[in-house]
Amino acid sequence: MKQSLKNFDPEVFEIAVGDLARQQSCLTLIPSENYASRAVMQAQSTVLANKYAEGYPETRYYNGCHYSDQIEQLAIDRAKELFGADHVNVQPHSGSQANIAVFHALLSPGDTILSMKLDHGGHLSHGLPQNFSGKYYNIVHYGLDPETERINLETVADLADQHRPRLIIVGASAYPCQIGFAEWRKIADSVDAYLLGDVAHVAGLIVGKVHPDPVPYCDVVTTTTHKTLRGPRGAIILCRQELADSIDKSVFPGLQGGPFMHAIAARAVAFKEAAQPEFTSYQEQIISNARVMANRLMENGFRLVTGGTENHLMLIDLTSISAKLSGRQAANYLEEAGIIVNKNTIPFDTRSPNTTSGIRIGTPMVTTRGMKEDQMTQVANLITEVIQNRRQASTRQKIKTRVEELCQAFPIYEGIDQVLWS
Ligand SMILES: *Cc1c(COP(=O)(O)O)cnc(C)c1O
């Protein structure tokens, strides 16, 4: 009971240390990841993890929940304040579970959901045939306009009119444009559908006021807490007061048992961080960095989907470089050079989601490291060099050294011993 992780289980300890070293020495451009702060990490490793607290504050099914009640209420109050929401549920273990909880609260099996096509940027919990959502509901998808590569709201309105969905989902995992929720409210109202805003990717931007706000227009909003919001892994659901009871019942006992109180504590810390003025500057910098990186990539000859970015991410269309180069190959080459991105389909991709013709790139993590516009130009040039010289392993080795130098100049966390957050 008394031995430290390092002493008792060096095998596990060394793996964690290894990943810390990887995170420190690689440039990660995955738009759905971030580095949670030391305070968030500490909260997450507290003994609050040991408690069963099924239920909600003051209405638990276990005794001894005094502190669990306190921490959950604090998280709820902070999230309500941060997002200006009537009601917040802070218990969902992940974004997919939050979405399932919403479906379970508002729909019956077989009901129709109108959501974005997955290979145009949607999320698997929005109706992938192999996902719970695709099995239990009748899914109708909207896609992107082939000309603009943007969502065409007239098409969405027509589909809504034709299929009469009970729920419309707006929100994506790989869409480089801003979303105005007021227009979506009109479409939902025209067919008497619920509107769910899934803002997992852009929640931080919303809090930082560099993206339109879904809360006034959506019946329900779901978000993960670990992407641009920069908290621990997990999710929350925001909703109008009338739906509070059904959402809460749907999360517990509908879908989950005991909440992860340590994760809820860490969410509370993240909400406090997000309420600081520095967080707004951070979000503004994410956007500015993305714009600079996008411009330099285009100057260097890459085509970006929609011709740029309005948020934290961009999609490189690799067919603009070579018809033979897939997203999978490009992402593997970049990893050899210490640059971590993920392969992603581009709209109307002819390759499978496992191969793809695109890569998805985002600036939340490099911005957390403190990098600014100058470094974004450098990073775009490093990506370009790797892709242009993809037949030369020696280029990748050379770039890897430059990536490590850049990472060293913008460290994350304090050092290896911080893997334990002591
Ligand atoms: C990331 C994401 C989710 C949730 O993901 P989990 O991995 O289940 O936490 C849900 N919706 C969208 C749009 C996302 O991008």
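Q: Before we look at any surface, what goes into a patch?
A: Patches are built from residues with over 30% relative accessible area and no salt bridge, and nonpolar side chains are joined within 5 Å. Keep in mind that this is a predicted model.

Q: Which residues make the nonpolar surface patch here?
A: Tyr52, Tyr61 and Tyr62 make it, and the patch covers about 370 Å².

Q: Why does tyrosine 61 count as exposed?
A: Exposed means over 50% relative accessible area. Tyrosine 61 counts as exposed because its relative accessibility is 63%.

Q: Let's do rings. What describes a pair of aromatic rings?
A: You need the distance of the centres and the angle of the planes. This structure holds 8 aromatic pairs. One of them joins tyrosine 35 and tyrosine 413, an edge-to-face pair with 6.4 Å from centre to centre and 85° between the planes.

Q: Are phenylalanine 279 and tyrosine 282 buried or exposed?
A: Buried means under 20% relative accessible area. Phenylalanine 279 is buried at 3%, and tyrosine 282 is buried at 7%. Tyrosine 282 has a charged neighbour as well: arginine 230 lies over the face of its ring, 3.9 Å from the ring centre.

Q: Which residues do ring pairs link into a cluster?
A: Phe103, Phe132, Tyr136 and Tyr137 are the members.

Q: Now charges. How many salt bridges does a search of the whole structure find?
A: The general idea is that side chains of opposite charge can pair when their charged atoms come close. The search finds 19 salt bridges here. Among them, aspartate 69 meets arginine 60 at 2.7 Å, N to O, and both of these residues are buried.

Q: Which parts of the chain does the pair of aspartate 111 and arginine 166 link?
A: Aspartate 111 is in the loop between helix 5 (95–106) and strand 5 (112–116), and arginine 166 is in the loop between helix 7 (153–163) and strand 7 (167–170), 55 residues apart. The closest N and O atoms of this salt bridge are 3.8 Å apart. Arginine 166 counts as partly exposed, at 37% relative accessibility.

Q: Which residues are linked in a network of salt bridges?
A: Arg185, Asp189, Asp219, Arg240 and Glu242 are. Within that group, glutamate 242 bridges to arginine 240, with the closest N and O atoms 2.1 Å apart. Glutamate 242 is exposed at 57%, whereas arginine 240 is partly exposed at 29%.

Q: Last one: in what order do the 4 strands of the open sheet run?
A: Strands of a sheet pair through backbone hydrogen bonds, either parallel or antiparallel. Here the order is 11-12-15-14, and the pairing is antiparallel. Strand 11 (303–304) and strand 14 (342–344) are the edges, each pairing on one side only. Strand 14 is joined to strand 15 (residues 358–362) by 3 bridges.

Technical notes. Residues numbered from 1 in each chain as written. Predicted model: local features only at pLDDT ≥ 70, side-chain atom pairs only at ≥ 80, totals over all residues. Heavy atoms only, no water. Patch = residues over 30% accessible without salt bridge, like charges linked within 9 Å, V, L, I, M, F, W, Y side chains within 5 Å. Areas by Shrake-Rupley, 256 points an atom, 1.4 Å probe, with all protein chains shown as cover. Salt bridge = Lys/Arg side-chain N within 4 Å of Asp/Glu carboxyl O. Buried < 20%, exposed > 50% of the residue type's maximum accessible area, 1.4 Å probe, protein only. Phe/Tyr/Trp six-rings, centres within 6.5 Å; stacked < 30°, edge-to-face > 60°. Lys NZ or Arg CZ within 6 Å of the ring centre and 35° of its normal. Helix = DSSP H or I, 4+ residues; strand = E, 2+ residues; numbered from the N terminus. Pairing = 2+ DSSP bridges.
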